[in-house]
Amino acid sequence: MNKTMKTVIDLVQLVLGNAMSAFAMACFALPYDMVVAGVTGIGRSANHFFGFGVTPTVYVINIALFLLGFVLLGKRFAMTIAAGTFLFPFFLGVFQNIDILQHLVEDPLMAAICAGIMDGVGIGMVIRMGGSTGGIDVPPIILNRKLGWKVAPVMSALDVCIFIIQIPITSTNGIILGIFYTLIYSVVMNHILVMNQGGVQTMIFSKKLSRTINEKLLELGYGTTIFPAKGGYIQEDFDVINCVISSRNLNRVKRAVLNIDPTAFITISNVSEVNGNGFTTMFWDEEYVPNVSERREGLDIMEEKGETPE
């Protein structure tokens, strides 16, 4: 994948993520009078107490915080929140003005579930590609950079305050549904952030056939690392093979190992995120070469061809 295509995909993901988050807020959370976090929660309160529209309020606050971030933290930081600053309120206003999209479901509980899932997926997509939603994220980051305050506690405190100011204008059902929506959103977002980024790590212990096992795994196309080890009981030296693979390839690796050494000891553990060749980058290696002295790293091959790894 070249850089242009990757940039286009990232931009599409950024726009779609903000659109999904705004759709969740405009079509599921706000119509059912749920308490909501972030700048939208402030806009909801401003709408009730002062009659200001939610979308204009979100626009004004987002732009003010964007300018504050630009002044205090610089242009580079401002660029990371620029998309969320303008895209989210834009989509929020569009969806709020389409009557057919209001009250899409009859059951408020179903609305909270839909809002949580869509918002979690949307924000997760934005964060996955390195973007930010801007808005209420800005003050905690500024306080962290300038005063050393931790981001998470400040963010949580702000969300709690925004929830509290909405309590007088929200029914008990709206409060409970809003909390439920927030919990679902958090869980879904965390799953989106680690989706397809994890894998399985296997540690293979074989006293006499570790080299044969290693060659077989390389032949199958899996990367390996060999560690020298010593048995704790008999104190014999042997090699341990470390191999990180996707979950769907686990059984194939296990069968290959046990076909060579039925007594091999294998440990398997989940890895939440994997970065590097074969996962987040592709350094095109040559086909399997039996002779070790003739092997070359994939990155070396790409540099010889004048290619840039993605």
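The accessible surface of the chain comes to about 17600 Å², and 62% of that area belongs to carbon and sulfur atoms; accessible areas are calculated by the Shrake-Rupley method with a 1.4 Å probe, and for residues only the protein chains shown count as cover. The model is a predicted one, in which local features need pLDDT of at least 70 and side-chain atom pairs count only at pLDDT 80 or more, while totals for chains, interfaces and linings use all residues. Residues are numbered from 1 along each chain as its sequence is written, and side-chain values use heavy atoms, with hydrogens and water left out.

## Overall make-up

The chain has 11 helices and four strands, where helices (H or I, at least four residues) and strands (E, at least two) are DSSP runs numbered from the N terminus. Of its 310 residues, 39% count as buried; buried means under 20% relative accessible area, exposed means over 50%, and partly exposed lies in between (1.4 Å probe, protein chains only). Among contacts (heavy atoms within 4.5 Å) between residues at least 6 apart in sequence, 71% join residues at least 24 apart.

## Nonpolar cores

A nonpolar core is a set of buried Ala, Val, Leu, Ile, Met, Phe, Trp, Tyr and Cys residues joined through side-chain atoms within 4.5 Å. The largest such core has 39 residues, and those with the most contacts inside it are Met25, Cys27, Met34, Leu92, Phe95 and Tyr181. Helices that each supply at least two residues of this core include H1, H3 (54-73), H4 (75-96) and H8 (172-194). Apart from this core lies another, of 12 residues, among them Ile204, Ile241, Val253 and Val257. Not counting residues up to four places away in sequence, Tyr181 touches several residues, including Met25, Met34, Ala112 and Asp119.

The 13 residues of helix H2 (residues 38-50) should span 18 Å at 1.5 Å a residue, and the end C-alpha atoms of H2 are 18 Å apart, which agrees; the expected span is 1.5 Å times one less than the number of residues. Buried residues in H2 include Gly38, Val39, Thr40 and Arg44, and just after H2, Gly51 takes a positive phi of about 80 degrees.

Asn242 lies in strand S3 (residues 237-245) and counts as buried at 12% relative accessibility. Leaving aside neighbours within four places in sequence, Asn242 is in contact with residues including Gln201, Met203, Gly223 and Phe227.

## Salt bridges

A search of the whole structure finds three salt bridges, a salt bridge being a side-chain nitrogen of Lys or Arg within 4 Å of a carboxyl oxygen of Asp or Glu.

| Pair | N to O distance |
|---|---|
| Asp33 and Arg44 | 2.3 Å |
| Lys207 and Glu236 | 4.0 Å |
| Asp239 and Arg211 | 3.1 Å |

In the salt bridge between Asp33 and Arg44, Asp33 sits in the loop between H1 and H2 and Arg44 in helix H2, 11 residues apart; Asp33 is partly exposed at 31% relative accessibility, whereas Arg44 is buried at 8%. In the salt bridge between Lys207 and Glu236, Lys207 lies in the loop between strand S1 (199-205) and helix H9 (210-220), and Glu236 in the loop between strand S2 (225-230) and S3. Lys207 counts as exposed at 56% relative accessibility, while Glu236 is partly exposed at 40%. In the salt bridge between Asp239 and Arg211, Asp239 belongs to strand S3 and Arg211 to helix H9, 28 residues apart; Asp239 is buried, with a relative accessible area of 18%, and Arg211 is exposed at 52%.
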